[in-house]
Amino acid sequence: MATDVKTIGSNTSDRQFNGMIDVFRKTLKSDGIVGLYRGFNITLGELVMMGALSKCLNPWKQHYSYILRNNFLSRHMVDLGFWISGNMATYPLDTVSRRMMMTSGSGTTFYNGAGAEILACAANRATLLLMIYVADVIRAAKEKQY
């Protein structure tokens, strides 16, 4: 549906799909049940790779987190670095599965959009840090009140 909006624009009469149910209906009609799960095997491979990387990188992450346990911002920057490293290692598989789902397996490059993925990771981590900070401020205010 996103490619319809991108290529056609706001003219809804020229779009290939009109809502999610229409996507499912037309995909089932043209490709069958296999069409709905196109790219799923690549996603499973990506999940296995993510799990293996997590197991391999976790001792290092714990080591650096322990060294930086008294420095809140540095500890979270190390976490962000490990998170981005893991995402970038599995990003080509994510790209392949998305392109298989969108264009029946055709695609040109693996790292198109990797910058957006890094920004999404950073924004996610920044949101988490902000929530932790606000919770700490609220907790400190409550303790001061009593």
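Visitor: What percentage of the 146 residues of the chain count as buried?

Guide: Welcome! This is a predicted model, where local features need pLDDT of at least 70 and side-chain atom pairs count only at pLDDT 80 or more, while totals for chains, interfaces and linings use all residues. Residues are numbered from 1 along each chain as its sequence is written, and side-chain values use heavy atoms, with hydrogens and water left out. Buried means under 20% relative accessible area, exposed over 50%, and partly exposed in between (1.4 Å probe, protein chains only). On that scale, the buried share of the 146 residues is 18%.

Visitor: How many helices and strands does the chain have?

Guide: Helices (H or I, at least four residues) and strands (E, at least two) are DSSP runs, numbered from the N terminus. Read from the N terminus on, the elements go α-α-α-α-α-α. The count is therefore six helices and zero strands.

Visitor: Where in H4 does the kink lie?

Guide: The expected span of a helix is 1.5 Å times one less than its number of residues. For the 28 residues of helix H4 (residues 40-67) that should give 40 Å, and the end C-alpha atoms are 39 Å apart, which agrees. The bend at a residue is the angle between axes fitted to the seven residues ending there and the seven starting there. Shortly before the proline Pro 59, a kink of about 40° lies at Leu 57.

Visitor: Is Gly 39 buried or exposed?

Guide: Gly 39 sits in the loop between helix H3 (33-36) and H4. Beyond its neighbours within four places in sequence, Gly 39 is in contact with Ser 97 and Met 100. Because its relative accessibility is 2%, Gly 39 counts as buried.

Visitor: How far apart are the C-alpha atoms of Leu 93 and Thr 43?

Guide: Leu 93 lies in helix H5 and, at 26% relative accessibility, counts as partly exposed. Apart from neighbours within four places in sequence, Leu 93 is in contact with Ile 42, Gly 45, Glu 46 and Met 49. Leu 93 and Thr 43 are 50 residues apart along the chain, and their C-alpha atoms are separated by 7.1 Å.

Visitor: Which residue's side chain does a polar contact of 2.4 Å join to that of Asp 22?

Guide: Asp 22 lies in helix H2 (residues 20-31) and is buried, with a relative accessible area of 6%. A polar contact is a pair of N or O atoms within 3.5 Å; within protein, one must be able to donate a hydrogen and the other to accept it, and residues adjacent in sequence count only if both atoms are side-chain atoms. At 2.4 Å, the side-chain partner of Asp 22 is Arg 25.

Note on methods
Contact = heavy atoms within 4.5 Å.
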